[in-house]
Amino acid sequence: MCGRFTLVTEPERLKQVFDISDIGNYQFEPQYNIAPTQMVATVLCNSETEKRDFQLLRWGLIPSWAKDSKMGARMINARAETLAEKPSFRSAFKRRRCLVLADGFYEWEKLETKKQPYYFQLRDKQPFAFAGLWEEWHSPENEKIASCTIITTNANELLQPIHNRLPVILEQSDYKQWLDPKLQQTELLQELLQPYKDEKMTKTAVSIRVNNPKNNSSECIKPEREKN
């Protein structure tokens, strides 16, 4: 499961890494503790221009057929192994894929007296993209909500001692294929949803401040050893 992550990379750097021409009036603020139902930065492929569009989506996918928006809180993650089968995800898997932008994520180890958070990053500290799906939901009152989910797969060796699931981190070379709305062959897409190489990642025990989603500062990612 991926239940919290960070995005503190400056917009200009995001534009370079993800080949985004314009991010509009995005009001950048470092996010050290992104939680479900919050708005998250994503990249979608514009089917008309074939360019990459930057868009803020609500984290927690609301299927188009849902009766109300509450369902989204239970859909923050989607298992890679069952995307083509689940009614909540199979249509989006074929037609509405996105990149969810991040530069780190958290997972918790259950200890006797507490849950110890760990912060995972790429070894080169660069921003990366989770494989995501998105949907647009319309309420009976014609409210429109665009939302997304993060795909997970089996944990790599780095994460296995803590949790059995890992958010899918896409290789930069796979962004074009993942975003291509014309590509609807799920067997080809499935090949991209592999555990990220553990030697390319780092793991750091961090402050329990991150346990509270109200905390949003660099203290959340401060190594625990620095506090002793």
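Predicted model: local features only at pLDDT ≥ 70, side-chain atom pairs only at ≥ 80, totals over all residues.
**View 1. Phe105 meets Phe130.** The ring centres of Phe105 and Phe130 are 6.1 Å apart and their planes stand at 70°, so this pair is edge-to-face. Phe105 belongs to strand β7 (residues 104–110) and Phe130 to strand β9 (residues 128–138), so the pair ties together parts that are 25 residues apart in sequence. Phe105 counts as buried at 1% relative accessibility, and Phe130 counts as buried at 0%.

View 2. Phe128 is buried, at 2% relative accessible area.

**View 3. Charges over rings.** Look for the charged end of Arg97 over the ring of Trp178, 5.6 Å from the ring centre. Lys203 lies over the face of Tyr118, with 5.3 Å to the ring centre.

**View 4. The largest pocket.** This pocket has a volume of about 300 Å³. It has 14 lining residues, of which Cys45, Glu50, Lys51, Lys176 and Asp180 are the closest to its centre. The lining comprises 7 charged, 4 nonpolar and 3 polar residues.

**View 5. The second largest pocket.** About 200 Å³ of space lies here. Among the lining residues are Leu44, Cys45, Arg97 and Trp134, while strands β3 (39–45) and β4 (52–59) each supply at least two. By class, 5 are nonpolar, 4 charged and 3 polar.

Terms used:
Residues numbered from 1 in each chain as written. Heavy atoms only, no water. 1 Å grid on protein atoms, 1.4 Å probe; cavity = no way out; pocket = protein on both sides within 12 Å on 5 of 7 lines; lining within 4 Å. Points joined across faces, edges and corners; volume = space filled by probe spheres on them. Nonpolar A, V, L, I, M, F, W, Y, C, P; charged D, E, K, R; others polar. Helix = DSSP H or I, 4+ residues; strand = E, 2+ residues; numbered from the N terminus. Phe/Tyr/Trp six-rings, centres within 6.5 Å; stacked < 30°, edge-to-face > 60°. Buried < 20%, exposed > 50% of the residue type's maximum accessible area, 1.4 Å probe, protein only. Lys NZ or Arg CZ within 6 Å of the ring centre and 35° of its normal.
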